[in-house]
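Here is a short briefing to read alongside the model. Please keep the viewer open while you go through the points.

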Amino acid sequence: MSLRRSKLDKNSVYYRFAHKSQVLEKIEFYGKEIAIGDLRHTIAEKQKLPKVDLQILNESTGEVYTRDGHLLRPNVIVTVRRTPIQTQKKPAVLNLEGADILSRVKRAKTAPQPKPEPVPEEKAPCPPEYLCSLCTGLFENPSIAPCCGRSACLRCFEAQPTTICPLCKRQRAEDQKPLPNPRLADIIASLNLDFFELPAVTVARQAAAARGARNESSLGKSKLAASGGLGSGNAP
Ligand SMILES: [Zn+2]
Ligand SMILES: [Zn+2]
């Protein structure tokens with residue numbers, strides 16, 4: 001393994017279960033913050049519990065974290081509650097993420113148990129945790145910079161000089177290549193994109209990918225058309 005973890009800051013957050021509040025446990029992670037999804041996953045693994053029925057709540061603010069993409073700073077203490085698994089028609093826990101941030105924040109203060117919400121009529125803006133700061137689109141093949149622990153699309157890293165980190169602008173050695181961030185990739189893959197207003201960059205990429213797929217299936221035989229396809233490059 002060539003993971004150069006020693007180059008990353010090692011940090012911790014703490015958690016305790018609501019029903020045994022005297023036991024404070026520590027979760028260590030590399031980088032400046034940990035995603036709620038990662039934390040939930042790690043706690044579930046450690047405690048051998050299903051990830052979906054863990055509710056995570058900030059002890060000092062009372063905020064209930066419902067989005068897996070929410071990033072926690074080091075040394076935060078959270079309370080973990082086991083919640084009954086929802087037996088709704090749609091079991092996907094990520095469906096409601098970011099759908100209505102304001103009312104969720106209010107609810108978090110008044111009632112700690114979030115209820116499933118109906119599909120919003122208006123789409124919510126895509127939460128910044130899911131967006132690459134380099135291209136402003138939804139992460140694609142998210143990779144993590146060893147120097148600062150921040151993530152960007154693989155292609156965005158590759159489009160930059162290899163000697164300077166495009167995220168923190170620090171010099172980096174040739175062997176400090178961005179590492180795949182499979183957890184973030186999973187989170188992005190599990191998002192229900194119907195709920196979000198996607199960034200223009202992502203919409204354009206999806207359209208290009210769909211065009212590519214269509215061309216491949218319908219023009220599979222007549223590859224001669226390739227030059228025509230490239231020629232019509234100017235999108236409206
Ligand atoms: Zn960096
Ligand atoms: Zn990007």
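This is a predicted model: local features need pLDDT of at least 70, side-chain atom pairs count only at pLDDT 80 or more; totals for chains, interfaces and linings use all residues.

Residues are numbered from 1 along each chain as its sequence is written, chains are lettered from A and ligands numbered from 1 in the order in which they are written, and side-chain values use heavy atoms, with hydrogens and water left out.

**The chain as a whole**

- The protein chain has 6 helices and 12 strands; these are DSSP runs, numbered from the N terminus, with helices being H or I of at least four residues and strands E of at least two.
- Of its 236 residues, 36% count as buried, where buried means under 20% relative accessible area, exposed over 50%, and partly exposed in between (1.4 Å probe, protein chains only).
- Among contacts with a separation of 6 or more, 56% join residues 24 or more positions apart; a contact means heavy atoms within 4.5 Å.
- The accessible surface is about 14,500 Å², and 55% of that belongs to carbon and sulfur atoms (Shrake-Rupley method with a 1.4 Å probe; for residues, only the protein chains shown count as cover).

**Helix 1**

- Helix 1 covers residues 36-47, and its 12 residues reach 16 Å from first C-alpha to last, close to the 16 Å expected at 1.5 Å a residue; the expected span is 1.5 Å times one less than the number of residues.
- Its buried residues are Ile36, Gly37, Asp38, Leu39, Arg40, Ile43 and Ala44.
- Just after the helix, Lys48 takes a positive phi of about 55°.

**The zinc ion (ligand 2)**

- Cys132, Cys135, Cys153 and Cys156 coordinate this ion through their SG atoms at 2.2 to 2.4 Å; donors are N, O and S atoms within 2.8 Å of the metal (3.2 Å for Na, K and Ca), and sites may look incomplete, as water is not among the atoms.
- The arrangement is tetrahedral because the 4 donor atoms subtend angles of 105 to 116°; four donors count as tetrahedral if all angles lie between 85 and 135 degrees.
- For comparison, the ideal angle for four tetrahedral donors is 109.5 degrees.
- Along the chain, the donors follow the spacing C-x2-C-x17-C-x2-C.
- Cys135, in the loop between strand 8 and strand 9, and Cys153, in strand 10, link distant parts of the chain, 18 residues apart.
- Cys135 is buried at 15% relative accessible area, and Cys153 is buried at 0%.

**The zinc ion (ligand 1)**

- Here the protein donors are the SG atoms of Cys147, Cys148, Cys165 and Cys168, lying 2.3 to 2.4 Å from the ion.
- This site is tetrahedral too, because its 4 donor atoms subtend angles of 95 to 119°.
- The donor residues are spaced C-C-x16-C-x2-C in sequence.
- Cys148, in the loop between strand 9 and strand 10, pairs up with Cys168, in the loop between helix 3 and strand 11, 20 residues away.
- Cys148 is buried at 4%, whereas Cys168 is partly exposed at 22%.

**The annotated span and Lys169**

- An unreviewed UniProt entry lists residues 132-169 as "domain: RING-type"; such annotations may be inferred rather than shown by experiment, and the positions follow the numbering used here, with feature names shortened.
- The end C-alpha atoms of residues 132-169 lie 16 Å apart, and the span is 13% helix and 16% strand.
- Lys169 sits in the loop between helix 3 and strand 11 and is exposed, with 61% relative accessibility.
- Lys169 and Cys148 are 21 residues apart in sequence, with 9.6 Å between their C-alpha atoms.

Note on methods
Four donors count as tetrahedral if all angles lie between 85 and 135 degrees; four count as square planar and six as octahedral if opposite donors are over 155 degrees apart and all others between 65 and 115; anything else is irregular.
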